[in-house]
Amino acid sequence: MSILGNRVLRKEDPKFLTVGGSYVDDLPLEGAVHVVYARSTMAHARIGGVDKSEAEAAPGVLAVYTAADIDLAPIPNGAPFGNPAMTRPWLADGVVRYVGEPVAAVVAQTRAQAVDAAEMVIVDYDPLPAVVDPEAALRDETLLFPEAGTNLVMTFPDALAGIMLPAEAADQDEGIFDDCEVVVARRIVNQRVAPCPLEVRAGAASWTEGRLTQWATTQAPHGVRDTLAQSLGVDPTAVRVVSPDVGGGFGAKIGAYPEELFLAWISRALGRPTRWVETRSESMTNLGHGRAQVQDVRIGGTRDGRILAYRLDVIQDSGAYPAIGAFLPMFTRTMLTGVYDVPKVYFKARSVATNTTPTVAYRGAGRPEATAAIERAIDLFAAEIGMDPADVRRRNLVGKDRFPFTTPTGTVYDVGDYERALDLVLEAADYKSLRKEQARRRQSGDASQLGIGLSVYVEITNGLPGSEFGSVQVRPDGKVTVRTGTSPHGQGHVTSWAMLVSEQLGVAVDDIEVVHGDTDVVPRGVGTYGSRSLQTGGVAVNQAAGQVVEKARQLAADLLEASPDDVVLDKAGGRFHVAGTPAVGRTWSELAQAAGEGGLSAETDFTAPGPTFPFGAHVVVAEVDTETGRVRISRVVAVDDAGRILNPLLAEGQIHGGIAQGVAQALMEEVVYDEDGNPVTSNLADYEFVSAAELPAFETIHMETPTPLNELGAKGIGESGTIGSTPAVQNAVVDALAHLGVRHVPMPATPERVWRAIAESRAGGNS
Amino acid sequence: MIPAAFEYARAGSVDEAISLLSEHGEDAKVLAGGHSLLPLMKLRLATPSALIDVGRLQELSYVRDAGDRIAIGALTRHRDLQVSDELARSAPIVSHVAGLVGDPQVRHRGTIGGSVAHGDPASDLPAVVLALDGELVIRGPAGERVVPASEFFHGFLETAIGPDELLVEIRLRKTQGGWSYQKFNRRAQDWATVGVAVARTDGTPAVALVNMGATPLRAAAVESALAAGASPAEAAESAAEGADPSSDIQASAEFRRHLARVLVRRGLEEAGV
């Protein structure tokens, strides 16, 4: 019987549940000194001067560095093809551009000494007007980078036409709505949120004989290694990056941040190991933020529900120093039309710098924004023509016989059956009964009204080209070492890669060790993001395992003096023998010993032929208190089809976490700045980070449509829950109030916003 | 999240605590459960010169029947209030509200005295103390004095407790009949955006408000409307009268006023007024 598809318990958990994980800040590091950053208290200001004399004289302080002390080239614009004049200094150089930006690095014997001394760094600020609103930033009245001449980072698709997109991708707009009987338009804000991994950023650096070891809490250790080497001007072989346990990333830990990289420079300058860990408050203003799109949607079609045209204009807030967040409208465009067959489309996006924390990839990274826009647009369209939103969706879905399907923006979907996902979720939710209960509540005028929200989504996983490394080695003791270039931080690769190898070798999962997160031990790797790991790194490990089995079969045949074709692997016993004569055979241990130095091993770099497109459908039931505006989610019913499922336990964990973060965006979370650019949500008391108490038990419905693009049939599952749930929740809130004339409630749908939407609607306004 | 340097002294008795307070001057703070003070210190929003730790004064942890009142030691933890048989009999609203404070960790460390002495208008228990005509027993170098709750809360995080004094006991009136506590917050562990306590101590309903001004407040206009024969719905209309709520990330002042009206009505209805 195959182990694949079973709810195998996580190999990782006994440690986490007993002695606990080992994170960067837990590492013993002999003789390490502590780094604390003095940070900007202004959103935008010229630095008149920095007086570090008092800090330098404080107890235990070894050094205080400012921009003037650094000999490193500025960090290039982090958005590919973004305005090259928008570079980032290692420490604020002459001007600060967001609250929290590091201005000085204080190094002391103890962390407490460094914290105290950082308070003594006196910065003379000459305030400049702060640009907080991205739409205002586009007016270029105040420039973040005067040398760039504009706050515009890049425009889509123009900036990528002829590079990542066909030259003709600079789409034309005119007249796409000409044939429409009904056109609905609305501005939708996909608000800025904070990724909030439980483990905040941390790092440590140590040089030994000209070689750097850097400990990093990252999703991509090899990328950090290369960035370090490039920044410091050393060869990548002179850098070892170690990622011990990583307590969450959600996309915000893909790259390395200046504060981490600078530890290596300080360590080299002082000849001492350095370490740094940020506080939660620092993390809330310096770990990159996600989303932050202002969207203008326009959708049009016929009165009987056929959608004919769709247009999306995006303003992407990139924050102060453009990073990957500024590039994410690329993926919003990729997934523009979602699961629908829309004949005519137009997309335009502008990324713009503001005096706020830089934006980065966050669970979904550009695709949730696309889904939120079109799923809201569909509901607006359905409300306008008075049709059930489920029927409008069904009417416009891409049919299951049309794959591979090429969208108007050129995206090629691998495989899907969207109508079946919709059918399954409506049936599981008992949609008809819900609508009846809703009608009853409306009739009775109950203060608590019922909302039913839908979303049908498709998303892209493994969306960026790249290979992944995997190796399998059978050791002389018959146990197995797997090395992977993926970098799990909660996903459970140690369990799932062991399952793949166990399936092929017949070695128990407990006897398979999975090694990751050390660039000296794993020679190559890309990392874990974009829901890519199983379909790249998992496949690589699977293929390496297959090659090891073939090598072993060959070796066993030699030893048994038989033809390899006649030698079979008895997986239950973990040994090879000639078919029909099981009494004489060779175990894995015997074969590994016979293979000599290094045992039996194989390694692979797997490059997928293309991205895969998981899809699904969510129904959310919301109870909305029309007197207080309070929303309670009573049900989340979710169909998430990620192709073949390797371990349902792990997949459900991803779906659950994803839904929780998706619901949180719809109802709870928002990073808020005041008009001067001061963050007002920089701790977890003020930032409404969701907890289990606000969420119902999730109802997850099984559906598997294997992808033809890899031998496992697997797509990614890490981001689906987030992508599907957010618009379903928002649609549910609006739906609960539809009979009161409410057409839209902005995210997060806080009690006050819901209350205001009702009040405005009752006052005759158009909410 | 490292506090500024401070001195620390653990008091072995109430008398020692008071003499330590006198000794360390007005920049010293009393440490009980620490769940309000320590976060402020870690953010360096509070930088006391010294902490006088009273957390081990077991003599101040009790709930006693004191005739027409219930006497609660200032060091009684929220969890102990939550499971107190005495409170279940004579003032169940106190147990209920103690069970709504923060999360289990907070409730096992935080104390009623700490919560009341901190003087945060967003805290739950101070409003209950106000509704139950609490008497606050304060001990200092000159001896003990009793301050009625109506005179205890002076302003945002300001109370009648002097720098060399310690809150030692809270005396509450027993309740009769129905009561209600309406806590409106976005997350289970959050402070109340607005809260309403309704209880009857002598037949007439007392109504107190959480987070509707710089201190916990009695909804005097509601109480007098009820005394004049108004229905709960009518009386609730004046719930925000005299209140001066702030606008913050959770809610605007306008929304808080609205919530107060809705929650007072619901509270009165639930209490059977």
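**Exercise 1. In which strand of chain B does B:Ile70 lie, and what does B:Ile70 touch?**

*Solution.* First, the ground rules. This is a predicted model: local features need pLDDT of at least 70, side-chain atom pairs count only at pLDDT 80 or more, and totals for chains, interfaces and linings use all residues. Residues are numbered from 1 along each chain as its sequence is written, while chains are lettered from A and ligands numbered from 1 in the order in which they are written.

Step 1: locate the residue. B:Ile70 belongs to strand 5 (residues 69–73) of chain B. Strands (E, at least two residues) and helices (H or I, at least four) are DSSP runs, numbered from the N terminus.

Step 2: A residue is buried if 20 or more other C-beta atoms lie within 10 Å of its own, exposed if 12 or fewer, and partly exposed in between; C-beta atoms are placed from the backbone. B:Ile70 has 24 other C-beta atoms within 10 Å, so B:Ile70 is buried.

Step 3: list the contacts. Two residues are in contact if their C-beta atoms, placed from the backbone, lie within 7 Å. Not counting residues up to four places away in sequence, B:Ile70 touches B:Val63, B:Asp65, B:Glu86, B:Leu87, B:Ser90, B:Ala91, B:Arg171, B:Leu172 and B:Lys174.

Step 4: B:Ile70 and B:Thr175 are 105 residues apart in sequence. Their C-alpha atoms are 9.9 Å apart in space.

**Exercise 2. Describe the setting of B:Ala206.**

*Solution.* Step 1: B:Ala206 sits in strand 13 (residues 205–210) of chain B.

Step 1: count neighbours. With 23 other C-beta atoms within 10 Å, B:Ala206 is buried.

Step 2: leave aside neighbours within four places in sequence. B:Ala206 is then in contact with B:Ala131, B:Ala199, B:Arg200, B:Thr201, B:Arg218 and B:Glu223.

Step 3: B:Asp133 is 73 residues from B:Ala206 in sequence, yet 8.8 Å away in space, C-alpha to C-alpha.

**Exercise 3. Work out the packing of helix 9 of chain A with helix 10 of chain A.**

*Solution.* Two packed helices are described by the angle between their axes and the distance between the axes. Axes are lines fitted to C-alpha atoms, for helices over the stretch in contact, and angles run from 0 to 180 degrees between N-to-C directions.

Step 1: read the values. Helix 9 (residues 367–385) and helix 10 (residues 389–396) of chain A pack at about 115 degrees, with axes 9 Å apart. That makes helix 9 of chain A roughly perpendicular to helix 10 of chain A. Angles under 35 degrees count as roughly parallel, over 145 as roughly antiparallel, 65 to 115 as roughly perpendicular and the rest as oblique.

Step 2: name the residues. Helix 9 of chain A supplies A:Ile378, A:Asp379, A:Phe381 and A:Ala382. Helix 10 of chain A supplies A:Pro389, A:Val392 and A:Arg393.

Step 3: sort them. The contact residues are five nonpolar, no polar and two charged. Ala, Val, Leu, Ile, Met, Phe, Trp, Tyr, Cys and Pro count as nonpolar, Asp, Glu, Lys and Arg as charged, and the others, Gly among them, as polar.

**Exercise 4. Repeat the analysis for helix 9 of chain A and helix 17 of chain A.**

*Solution.* Step 1: helix 9 and helix 17 (residues 720–736) of chain A pack at about 30 degrees, with axes 9 Å apart. That makes helix 9 of chain A roughly parallel to helix 17 of chain A.

Step 1: list both sides. A:Arg367, A:Pro368, A:Thr371, A:Ala372, A:Glu375, A:Arg376 and A:Asp379 come from helix 9 of chain A. They meet A:Thr722, A:Ile723, A:Thr726, A:Pro727, A:Gln730, A:Asn731 and A:Val734 of helix 17 of chain A.

Step 2: the contact divides into five nonpolar, five polar and four charged residues.

**Exercise 5. Which residues of helix 3 of chain A are buried, and what do they pack against?**

*Solution.* Step 1: in helix 3 (residues 111–118) of chain A, the buried residues are A:Gln113, A:Ala114, A:Asp116, A:Ala117 and A:Ala118.

Step 1: these buried residues pack against strand 1 (33–39), helix 2 (53–56), strand 3 (61–65) and strand 5 (102–108) of chain A.

**Exercise 6. How many residues does each chain give to the contact between chain A and chain B?**

*Solution.* Step 1: chain B gives 15 residues and chain A gives 18.

Step 1: on the chain B side, helix 12 (residues 253–270) has the largest share, four residues.

Step 2: the chain B side divides into 10 nonpolar, three polar and two charged.
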